[in-house]
Amino acid sequence: AFKSRIQWRSHFIQKFESESRMEFEAVNHAYCGYPYRSDDKVDHDLLAWQTGNTGIPLIDACMRALRATGYLNFRMRAMLVSFLTHHLNINWQQGVTYLGSLLLDFEPGIHYPQFQMQAGITGTNTIRLYNPVKQSTDHDPDGAFIKKWIPALQKVPKELIHTPWEMTDLEQSLYDLVLGKDYPLPIVDLTESARHARDRLWSYRERDDVKAEAKRILYRHSLPDSPRT
């Protein structure tokens, strides 16, 4: 398993070196015009993501942990990218450098291809749209990780820790929490944002230019007899 990971690491580094423009633009040219947001709230939402103040507990706990320690496991890194590019529909280019700057194990050859892969803009990889609440209940069921990095939620019971925005005024009072003051309300509706993301992602995936680019990418980076120019 270790040798396999080393081989994949080398593969991604070689892929990046042979097409290093992917640091700045989509490796699949057809995604250069992908319909990301350009409204007045983009900067606000981007800052909320960067600082761990989106109002989605696991997202915020992960970002705060990363900012403090320089490390986050693969699944949680992927979830942060998915949330930024899918749920918030913010251009991957606005988050890729920032996230890379936080990683103690930053490797360009892995970071940039993986970021684009999780953003769903390669045309060759499975589209992964992470549900932060499901990830939270599956991997931090008691909210221990969340409470470690979000002190404002310390007294919130596990039944409410994953979706604190559903708390009543009485529950907030019981657990010494004022939403919107001690901890932000969600900056996005996860159900609605996921629905819109799926529509965007799959409609783009079916485009002829995306499919043509996907074939080029696979030919260049997967076949042993492909040209290296």
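Asn89 counts as buried, because its relative accessibility is 7%, under the 20% limit. In this predicted model, Asn89 sits in the loop that runs between α4 (74–87) and α5 (96–102). Its backbone has a feature worth a look: although Asn89 is not a glycine, its phi is positive, at about 55°. Most residues other than glycine have a negative phi.

Asp176 is another residue to look at here. Asp176 also has a positive phi of about 55° without being a glycine. You will find Asp176 in the loop between α10 (169–174) and α11 (190–205). Is Asp176 buried or partly exposed? With 48% relative accessibility, Asp176 counts as partly exposed, because that value falls between the limits of 20% and 50%.

Which side chain makes a polar contact with His87? The partner is Ser193, and the contact between the two side chains spans 2.7 Å. Setting aside neighbours within four places in sequence, His87 is in contact with Ser82, Leu129, Tyr130, Pro132, Val188, Leu190, Ser193 and Ala194.

His87 also takes part in the meeting of two helices. On the α4 side are Phe83, Thr85, His86 and His87, and on the α11 side are Leu190, Ser193, Ala194, Ala197, Arg200 and Leu201. By class, this contact of α4 with α11 holds five nonpolar, four polar and one charged residues. The axes of α4 and α11 are 9 Å apart, and the helices pack at an angle of about 80°. That angle makes α4 roughly perpendicular to α11, because it falls in the range of 65 to 115 degrees.

## Where α1 meets α6

Another helix pair brings together α1 (residues 2–18) and α6 (residues 108–119). Their axes come within 8 Å and cross at roughly 85°. That makes α1 roughly perpendicular to α6.

Which residues of α1 meet α6? They are Arg9, Phe12, Ile13 and Phe16. From α6, the residues in this contact are Pro108, Gly109, Ile110, Tyr112, Pro113, Gln114 and Met117. Sorted by class, the residues of the contact of α1 with α6 are eight nonpolar, two polar and one charged.

## Gln118, a buried residue in α6

Helix α6 also contains Gln118. Gln118 has a relative accessibility of 4%, so it counts as buried. What does Gln118 touch, not counting residues up to four places away in sequence? The list is Phe74, Ala78, Val81, Ser82, Thr85, His86, Arg128 and Tyr130.

Pro164 lies in the loop between α9 and α10. Because its relative accessible area is 1%, Pro164 is buried. Pro164 and Gly55 are 109 residues apart along the chain, and their C-alpha atoms are separated by 8.4 Å. Beyond neighbours within four places in sequence, Pro164 is in contact with Pro57, Leu179 and Tyr183.

Pro151 belongs to the loop between α8 (144–149) and α9 (158–161). Its relative accessibility is 55%, so Pro151 counts as exposed. The C-alpha atom of Pro151 is separated by 22 Å from that of Leu46, 105 residues apart from it along the chain. His139, in turn, lies in helix α7 (residues 132–139). A relative accessible area of 46% makes His139 partly exposed. Between His139 and Leu58 there are 9.8 Å from C-alpha to C-alpha, and the two are 81 residues apart in sequence.

## Cysteines

How many disulfides does the model have? The count comes to zero, because a pair of cysteine sulfur atoms must lie within 2.5 Å to be counted. Cys32 and Cys62 are two cysteines to look at. Cys32 counts as exposed, because its relative accessibility is 52%. Cys62, in contrast, has a relative accessible area of 0% and is therefore buried.

Notes:
Residues numbered from 1 in each chain as written. Predicted model: local features only at pLDDT ≥ 70, side-chain atom pairs only at ≥ 80, totals over all residues. Heavy atoms only, no water. Helix = DSSP H or I, 4+ residues; strand = E, 2+ residues; numbered from the N terminus. Buried < 20%, exposed > 50% of the residue type's maximum accessible area, 1.4 Å probe, protein only. Axes fitted to C-alpha atoms, helices over the stretch in contact; angles between N-to-C directions. Parallel < 35°, antiparallel > 145°, perpendicular 65-115°, else oblique. Contact = heavy atoms within 4.5 Å. Nonpolar A, V, L, I, M, F, W, Y, C, P; charged D, E, K, R; others polar. Polar contact = N/O pair within 3.5 Å; in protein donor to acceptor, adjacent residues only side chain to side chain.
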